[in-house]
Amino acid sequence: MLELQHLTVTVPAEGGTTDILKDVSLTVEDRKFVVITGPNGGGKTTLAKVIMGLVAPTQGSILWNGEDVTGLSIAERAKKGISYGFQQPPRFKGMKVSDLLQIAAGRRLTHGEACGYLTQVGLCARDYVDRDVDVSLSGGEVKRIEIATVLAKDSDLMIFDEPEAGIDLWSFARLTETFKALHDRQDKTILIISHQERIIRLADEILLIAGGQVQERGPADQLYSRIMADTAAGCNRLEVDGTC
Amino acid sequence: MLNETQQKILQEVAGLAAIPAQGAVNIRTDGQKSFRRDSEHIHISSKADKDGIDIRIDPGTKAESVHIPVVVTKSGFHDTVYNDFFIGENADVRIVAGCGIHNCGDCDSQHDGIHTFYVGRNAKVTYVEKHYGEGEGAGKRVLNPQTILFLEEGASVTLETSQIRGVDDTKRYTRAVVGENAEIVIQEKLLTHGSQKAESEMDVYLNGAGSKTRVISRSVAQDQSVQIFYPRVEGNAPCFGHVSCDAIIMGEARVRAIPEITCNHVDAGLIHEAAIGKIAGEQILKLMTLGLTAEEAEEKILEGFLR
């Protein structure tokens, strides 16, 4: 179980400080598939990075399986079963796709295993497994390899940060199937930051985050229709209720 | 024949656990020939006028290799050797050279290998050269290789040179004169640490119509080490050349890259790129999310970069 208690992230801003996250508390039960959505700049990525240890909270704590991991390093959290797929993953000169997958898996992978992870993200494995993860790959390709590394790591908690960003429609369809399979297996806790209807509809629960706070939380079928109604009106209700 | 230290060095520079069962071989140890063998189409002979060997590869030779490693284990030993390669038309060969110095003493040990290649029409050569140093003595390990190449029409050469750790001082010079439709690819990998110095200078002359080159330099400078690169390409005919120098800088190291491209023909197309910088923080963070410590992540990044 993942428990976030009173998480606040404060950063310097013009004329003082600003809170990216404001006293966020929430619990995610094991093996739930939760989609985090909300307007840009609302604090979604910061929340994910705080869980992974990439951003330190100013206040509050993170409990994973009952253990307080707030003071643990990124690598220690990774070893305890937390993983995170970057929204904008880095490239590596000289490092092959298969190298990254093996680091993620923590063991040598057979050619077939490495290819399996790539197929799950819609990449033709034969063409990619021996390629360098460098500028010769497009943004969408690097992004899909990033998702494949999270799959290869096979952690109990997988966090994906806008997995759809930069991915073409055809590959996205394949990716949606992979997320659906993850959902149907129900053996991992999944947190996905997403704005895509097809991913949101897979969710057991939706978390709406805006202005650094959890604004709403509920089952996808109830919450999603309300979000869509707001969007259709041309102005986000969160913004109407908030600062807009 | 070879003692334990010499065998270890041989393994490092030429990947040889033992003398290869096949192909031509010449092993030079502390300035002396310690083993030589010809193969069916590759003939090695000592030079009459100076120290070194001639390696003659018959036209059309295929699937035969040449190993010519050099091992220096005496402190204070200075060795200069001239090796000339005559590669016949349509041959397709792999040549493995390399030099390792084990210096336990307080005097500098030095090996200067001057290699000249005459590559015949449509011949294909892969030349692998690894430099390595070890030993706890205060004496420096110095390697100053020169590689000079003449490529005839349609010839193709890939140079894979690397110096990973242990060499205190190096001045490398590579010159290639490239004929019609010939191509040379130069891949140089370098890692310096401590207070080591490395300088690499290259001149590639694209003289023939349709000639091509790619120069790829990857280096890592750690601690207080210093590296300087001068890759120069001159296009004197319709040709294509691409030079890319990439360096990772760490600690208090310093790296200078001064690429130069000269077009003396309207259809010469030359490009250079040079980038020097530290390891991107995002790369380390990414690998840490996969369970590596910052140190392990750095090691993996360097390993890939210099592969």
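Tutor: Gladly, starting with a helix pair: Y117(A), L118(A) and Q120(A) in α4(A) meet I145(A), A148(A), L151(A) and A152(A) in α6(A). Contact means heavy atoms within 4.5 Å, and helices are DSSP runs (H or I, at least four residues; strands are E, at least two) numbered from the N terminus. This is a predicted model, where local features need pLDDT of at least 70, side-chain atom pairs count only at pLDDT 80 or more, and totals for chains, interfaces and linings use all residues. Residues are numbered from 1 along each chain as written, chains are lettered from A in the order written, and side-chain values use heavy atoms, without hydrogens and water.

Student: At what angle do α4(A) and α6(A) pack?

Tutor: Axes are lines fitted to C-alpha atoms, for helices over the stretch in contact, and angles run from 0 to 180 degrees between N-to-C directions. Here the angle is about 125 degrees, with the axes 8 Å apart. That makes α4(A) oblique to α6(A); under 35 degrees is roughly parallel, over 145 roughly antiparallel, 65 to 115 roughly perpendicular, and the rest oblique.

Student: How do α6(A) and α7(A) lie relative to each other?

Tutor: Their axes come within 12 Å and cross at roughly 15 degrees, so α6(A) and α7(A) are roughly parallel. From α6(A), R144(A), I147(A) and L151(A) meet residues of α7(A) including L175(A) and F179(A). This contact has five nonpolar, two polar and one charged residue.

Student: How many residues of helix α3 of chain A are buried?

Tutor: Buried means under 20% relative accessible area, exposed over 50%, and partly exposed in between (1.4 Å probe, protein chains only). In α3(A), eight of the nine residues are buried, among them L100(A), L101(A) and I103(A). The buried residues pack against α4, α5 and α6 of chain A together with α2 and α3 of chain B.

Student: What area is buried between chain A and chain B?

Tutor: The size of an interface is often given as the accessible area lost when the parts come together. The sum over both parts, with a 1.4 Å probe, is about 1,800 Å² here, and carbon and sulfur atoms give 65% of it. F92(A), K93(A) and I103(A) supply 30% of the area that chain A buries against chain B, more than any other three residues.

Definitions and conventions:
Ala, Val, Leu, Ile, Met, Phe, Trp, Tyr, Cys and Pro count as nonpolar, Asp, Glu, Lys and Arg as charged, and the others, Gly among them, as polar. Buried area is the accessible area (1.4 Å probe) that two parts lose on being put together, summed over both.
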